[in-house]
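User: I want to learn how to read salt bridges and confidence in a model. Please take me through one.

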Amino acid sequence: AVLRESTTFTSCRSCGVASGAAVAFRKHACVDGVTVVATEGAAQVAIRELQRLRDRPHAWDTETLGIELGNQKSEHSPVCHGKIVCATCYCGEDADFGSGPKLFVDNTGPDGELLTQYFKPYFEDENFHKVFHHYSFDRHMLARHGIRLRGFYADTLHLARLFDTSRSSWEGRARAVKRPSDMEEPTAANGFNTRWTSWVHAAPSASVPLQKPSLIASKIRGVSLGGLKLEKRLLSSAIGLEAKPCMDESPINRDVRKMSYGLKNLAQDFGLAGGQQMPDFRKLFGIHSDAARAAHDCPERFPEWVNYATMDAVLTWRLLLYLKERLDVRPWYSPVHEQDISQALMNSNVRRDLLSRNRKTVGRNMRRWPFTTFASAQHDTGRTMWNFYELYLRDFGQCLADLEEVGVAVDREHLQRIQETAKADIGVSHAGFSSCFSSL
């Protein structure tokens, strides 16, 4: 999670507490179900509990300041910008870090950076399995505090992409070709059939439907427009021939635009939010630049801020269990592992697959189903897509983070020469164009 830091922060706008005086209250803050770590003693208790629960993965999230992300000109890289304000952890309802199963580590309190002082050995120990949503960002932020993260177990962002590759906002529009009656309405499983089942006592109810958006397809002469409308424009010139697409502002298509791999969107669509609407930071804490720091340092807003921050760790944990359970039963098919024909014919599954593909008659034409498809038994590896993630994508996530950390070398002097050449070419082209039409 990324928050913006104000360079002129002096007080909390909601309660008027000066930042210097506000930070001490967090040592004694009490939030229901959350253990707030703001002292050395509380940090030691939390670390002992993490050690006790070393047999399971731990879901982590960080809240940061001093970094700008998104489609902005001032976009920053987490490799060289930002700092961690707090870190949150969750690994099941049976955990008890002192005052509850949700852990909130204050990294800007009067006792200094607790993550570096007390949690660094934990984060650098590969025997503790850590889970993140967008792993590379949190890894870079921890590195900025001198912590070299080890023990990476899973990135739920990559798991979600492996589970459903068509959740990007622009891909969601393509689903408009389906009618609402054709859309399935799956429900969240009541519990998780994994070895972590007993760890989760607050699993979403089976009666909570997944909020999968229904889609409407607009068609002209049988051609689907994927939920787009064409704006009527005058055709008096060549420019007027260009139709301007504008998104239908109906609630259905607004849901399509929200499809993404964001943590809260995934949790909402998969029914992991317990039927609750995901909170919006701007609505909770405001849009001014120091809203995050104000909430962190304000005694009145601090409980709300803690619940908001710890929610990401809880949702990451739930998302891990949800996706792992489903990927662990999804077969892994790959032509790379196709068997030799002599071995394939000895495989009972392959023989059954071939015999099940009967001839079918359509009118006067005889059509035979293809013997080999992507999901054919000949391509069955005997393993699951979770095995695929463990074998390939876990290291792939590490590789992406390494690439971001190293970066791509750029010759600035060469780029400057290219820019100067381009400007000169523009001048030559402009002069030639003007000379060509000057006689008209």
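User: Which side chain meets K27 in a salt bridge?

Analyst: A salt bridge puts a side-chain nitrogen of Lys or Arg within 4 Å of a carboxyl oxygen of Asp or Glu. Here D111 pairs with K27, at 3.2 Å from N to O. The two residues are 84 apart and link distant parts of the chain. D111 is partly exposed too, at 28%.

User: How many salt bridges are there in the whole structure?

Analyst: The search finds 15. One of them joins E49 and R52 at 2.6 Å, N to O. Both sit in helix α2 (residues 40-52), about one turn apart. E49 is buried, with 9% relative accessible area. Another joins E304 to R301, at 3.1 Å between the closest N and O atoms. Shared partners connect R139, R148, D402 and E405 into one network.

User: What is the mean pLDDT of the chain?

Analyst: pLDDT is the predictor's confidence in each residue, from 0 to 100. The chain mean is 74, and 67% of residues reach 70 or more. Residues 179-254 stay under 50. Residues 359-371 are also below 50. Where pLDDT is low, the predicted coordinates should not be read in detail.

Technical notes. Residues are numbered from 1 along each chain as its sequence is written. This is a predicted model: local features need pLDDT of at least 70, side-chain atom pairs count only at pLDDT 80 or more; totals for chains, interfaces and linings use all residues. Side-chain values use heavy atoms; hydrogens and water are left out. Contact means heavy atoms within 4.5 Å. Helices (H or I, at least four residues) and strands (E, at least two) are DSSP runs, numbered from the N terminus. Buried means under 20% relative accessible area, exposed over 50%, partly exposed in between (1.4 Å probe, protein chains only).
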